[in-house]
Amino acid sequence: PLYLKLACSAAQRWKSYTPESEMKLAPTPREIIKQFFERLNQVHGTLFVKRALGYITASKNGLSSTELEDLLSCDEEALRDVFQFHIPPLRRLPTLLWTRLRNDLGDYLAERGADGVVVYSWYHRQFREVAEEYFLGNVEFKEEIHGMLVDYFIGRLVVIENVNANNV
């Protein structure tokens with residue numbers, strides 16, 4: 001069922017003018033999940049997707065939108081990638097970037113309650129397993145992501161809040 005859902009989702013994006021070479025489906029559920037992740041990389045940017053979904057994958061019980069946006073806003077590599085052509089006065093991840101990625105993830109990212117907050121985590125065990133391999137397969141990157149999560153939750157990371165221009 002998971003494979004069929006992913007295959008139908010991929011086929012719905014095909015147009016009459018889509019080259020036949022781009023209309024290939026991976027043969028197994030794990031490989032089609034990787035194919036899904038690769039499409040997200042193409043649409044949203046490899047570094048942003050890797051870091052955002054790396055944080056979600058590395059989290060124990062999932063992350064809320066606010067927590068993820070805070071983590072990405074403290075992540076210098078993510079900010080450099082997002083703001084490579086323009087440096088805004090306030091270096092904070094635009095909320096719209098996460099919203100677009102969240103919408104493209106669809107039902108594959110589950111929303112559930114934890115401690116009175118809605119958190120996002122993988123909805124299916126196979127998604128989590130493939131995400132761990134795909135996003136956290138590099139040991140150094142995995143340690144960096146876990147370190148950022150630890151620093152954030154013990155209060156070592158400074159999160160810049162949005163400042164109202166009238167109050168400055």
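Which residues do ring pairs link into a cluster?

A: This is a predicted model, in which local features need pLDDT of at least 70 and side-chain atom pairs count only at pLDDT 80 or more, while totals for chains, interfaces and linings use all residues. Residues are numbered from 1 along each chain as its sequence is written, and side-chain values use heavy atoms, with hydrogens and water left out.

The cluster is made up of Phe36, Phe37, Tyr108, Trp122, Tyr123, Phe127, Tyr134 and Phe135, joined through ring pairs; rings of Phe, Tyr and Trp (its six-membered ring) pair if their centres lie within 6.5 Å, and planes under 30 degrees apart count as stacked, over 60 as edge-to-face and the rest as tilted. The structure holds 14 aromatic pairs. In one of them, the ring centres of Trp122 and Phe127 are 5.6 Å apart and the planes meet at 20°, so this pair is stacked. Trp122 and Phe127 are both buried, where buried means under 20% relative accessible area, exposed over 50%, and partly exposed in between (1.4 Å probe, protein chains only).

Another pair, formed by Tyr134 and Phe135, is edge-to-face, with 4.9 Å from centre to centre and 85° between the planes. Tyr134 has a relative accessibility of 26% and therefore counts as partly exposed, whereas Phe135, at 2%, counts as buried.
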